[in-house]
Amino acid sequence: MYAGNHFGSPNLYHNNGNGTFTDQRAPAGLNPGPDDWHGAAWGDYNNDGRLDLYAAVGEAVNGSDFYVNNGDGTFTERASDFGI
């Protein structure tokens, strides 16, 4: 679960299956700055069976982020590669 925090760093939570969650943002390679986070959407943009993440920024201080799922629990930020 991805949770944006308005003007704070967002979090990426992994469900541990026992009623608890662990923040995996840093180990997953998500390193967003404290911008005006407004929302996010998961989708498989390249049809590889892995969910990728788009995180929208309101005032676009640093621009929105587009994280491609590497399939190993990590993501690569590629917004500028796609003109986002």
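This is a predicted model: local features need pLDDT of at least 70, side-chain atom pairs count only at pLDDT 80 or more; totals for chains, interfaces and linings use all residues.

Asn47 sits between strands E4 and E5. Its backbone is worth a look too: phi is near 60°, a positive value in a residue that isn't glycine. Tyr45 is found in the loop between E4 (37-43) and E5 (52-57) as well. Tyr45 is partly exposed, at 38% relative accessible area. Together with Tyr54, Phe82 and Ile84, Tyr45 makes up a nonpolar patch on the surface, and the four residues share about 360 Å² of accessible area.

Next, the charges. Side chains of opposite charge can pair when their charged atoms come close. Asp48 and Arg50 form a salt bridge, with 3.0 Å between the closest N and O atoms. Both ends are partly exposed: Arg50 has a relative accessible area of 33%, and Asp48 has 30%. The count for the protein comes to 2 salt bridges. Arg78 and Asp81 make another one, where the closest N and O atoms are 2.8 Å apart. In that pair Asp81 is exposed at 52% relative accessible area, while Arg78 is partly exposed at 26%.

Now for the sheet itself. Four strands line up as E4-E5-E6-E7 in an open sheet, and the pairing is antiparallel. E4 and E7 (75-77) are the edge strands; each has a single partner, so one side of each has no neighbour in the sheet. From one strand to the next, the twist averages 20°.

E6, residues 65-69, is the strand to zoom in on.

How covered is E6? 5 of its 5 residues are buried, so the strand is largely enclosed by the rest of the structure. In a regular strand, side chains alternate between the two faces of the sheet. For E6, one side carries Asp65, Tyr67 and Asn69 and the other carries Phe66 and Val68, and all of these are buried, so both faces are covered.

If you follow the chain out of E6, you go into the hairpin with E7, which has 5 residues between the strands. Gly71 in that hairpin takes a positive phi near 85°.

Ala28 belongs to helix H1, residues 25-28, and is buried at 3% relative accessible area. Leaving aside residues up to four places away in sequence, Ala28 touches Leu12, Gly73, Thr74 and Phe75. Ala28 and Asn69 are 41 residues apart in sequence, yet their C-alpha atoms are 9.2 Å apart in space.

The protein has 1 helix and 7 strands, and along the sequence they run β-β-β-α-β-β-β-β. Of its 84 residues, 30% are buried. Among contacts between residues at least 6 apart in sequence, 28% join residues at least 24 apart. The protein exposes about 4,900 Å² in total, with carbon and sulfur atoms supplying 48% of that area.

Conventions. Residues are numbered from 1 along each chain as its sequence is written. Side-chain values use heavy atoms; hydrogens and water are left out. Patches are made of residues with over 30% relative accessible area and no salt bridge: like charges are joined within 9 Å, nonpolar side chains (Val, Leu, Ile, Met, Phe, Trp, Tyr) within 5 Å. Accessible areas come from the Shrake-Rupley method with a 1.4 Å probe; for residues, only the protein chains shown count as cover. A salt bridge is a side-chain nitrogen of Lys or Arg within 4 Å of a carboxyl oxygen of Asp or Glu. Helices (H or I, at least four residues) and strands (E, at least two) are DSSP runs, numbered from the N terminus. Buried means under 20% relative accessible area, exposed over 50%, partly exposed in between (1.4 Å probe, protein chains only). Two strands pair if DSSP finds at least two bridges between them. Axes are lines fitted to C-alpha atoms, for helices over the stretch in contact, and angles run from 0 to 180 degrees between N-to-C directions. Contact means heavy atoms within 4.5 Å.
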